[in-house]
Amino acid sequence: MRWSPGNRGDIEDMRGRTGGTAIPLGIGGFLVLLVLSWATGTNLFTLLGTGSQSPTSSVGTGGQVATSPAEEKMVDFVGAVAKDAQDLWAEKLGSRYQRTTVVLFRDAVQSACGYAESATGPFYCPGDHKVYLDLGFFNELSQRFGAPGDFAQAYVITHEIGHHVQNLTGLNASAVRDRRPGAGSASVALELQADCFAGVWGHEASKNGRFNTGRVELDPGDVEEALRAAASIGDDRLQKMATGRVMPDRFTHGSSAQRVDWFRRGMDAGDPEACSTSTNTR
């Protein structure tokens, strides 16, 4: 991907804050809980006392964050993708679109949706209209789940911004009313639509000449990175990694095949109308 640094206006940096207490876990136990949390959509760390509903401490650093050049480059990347994706949705939705921010944090964070730890993965909170992301997730995406590459990371960011679009336009109403999990649930339909919305942005980013106008532009092979990411975090694959079996009645995000299919829909069409969940999620 080609992109320009310096676009941090859509980022809220909370990496310099810490909160909560934790009971030490062995690396094996940590990884099992990590995968299960992603697979079920539940922060299982709280069940062992490694988290709480609210942080026991919150310490600001006055803007001083212990970081590295590589991490700061990643912050610039998140900012560039977030700005580009939101500019696109502002074009498509006009005055209906209200910009969100991507909150960067480490280890744990307090949002309007409650206290969350990094193990829950990136998430969107409808209560405060913000996306939350621990940059460490990208290392797990690459190393643990075999989905490296910058467009794989952009897919994650734009998927969460897709949830913001759903919240603004009322498309998440059915999922709010029906919290049941399962392959045919409203929750899965909502997640697949967000995958499709990420594809809509990918379609736009694939156009030649965007980088020369200050926008994000894909390189050859980038789409395959996003497809690998979608396949890597399907419910069936995560459940198989964690428990050795697949439990469709506990799906919350859709199977690997579904996630790839819905991302492709948006990527091929470049039109949010192609992401309508009135069609069968297969």
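**Reading helices and a sheet**

Tutor: Just after α2, Gly94 takes a positive phi of about 65 degrees. This model is predicted, with local features needing pLDDT of at least 70 and side-chain atom pairs 80 or more, while totals for chains, interfaces and linings use all residues. Residues are numbered from 1 along each chain as its sequence is written, and side-chain values use heavy atoms, without hydrogens and water.

Student: What are helices and strands here?

Tutor: They are DSSP runs, numbered from the N terminus: helices are H or I of at least four residues, strands E of at least two.

Student: How is the span of helix α2 checked?

Tutor: Expected span is 1.5 Å times one less than the number of residues. The 25 residues of α2 (69-93) should span 36 Å, and the end C-alpha atoms are 36 Å apart, which agrees.

Student: How are two packed helices described?

Tutor: By the angle between their axes and the distance between the axes. Axes are lines fitted to C-alpha atoms, for helices over the stretch in contact (heavy atoms within 4.5 Å). Angles run from 0 to 180 degrees between N-to-C directions. Here, α4 (150-169) and α6 (186-205) come within 7 Å and cross at roughly 120 degrees. They are therefore oblique to each other; under 35 degrees is roughly parallel, over 145 roughly antiparallel, 65 to 115 roughly perpendicular, and the rest oblique.

Student: What is the strand order in the open sheet?

Tutor: Strands pair if DSSP finds at least two bridges between them. The 4 strands run β1-β2-β6-β5, with mixed pairing. The edge strands, β1 (11-13) and β5 (123-125), each pair on one side only.
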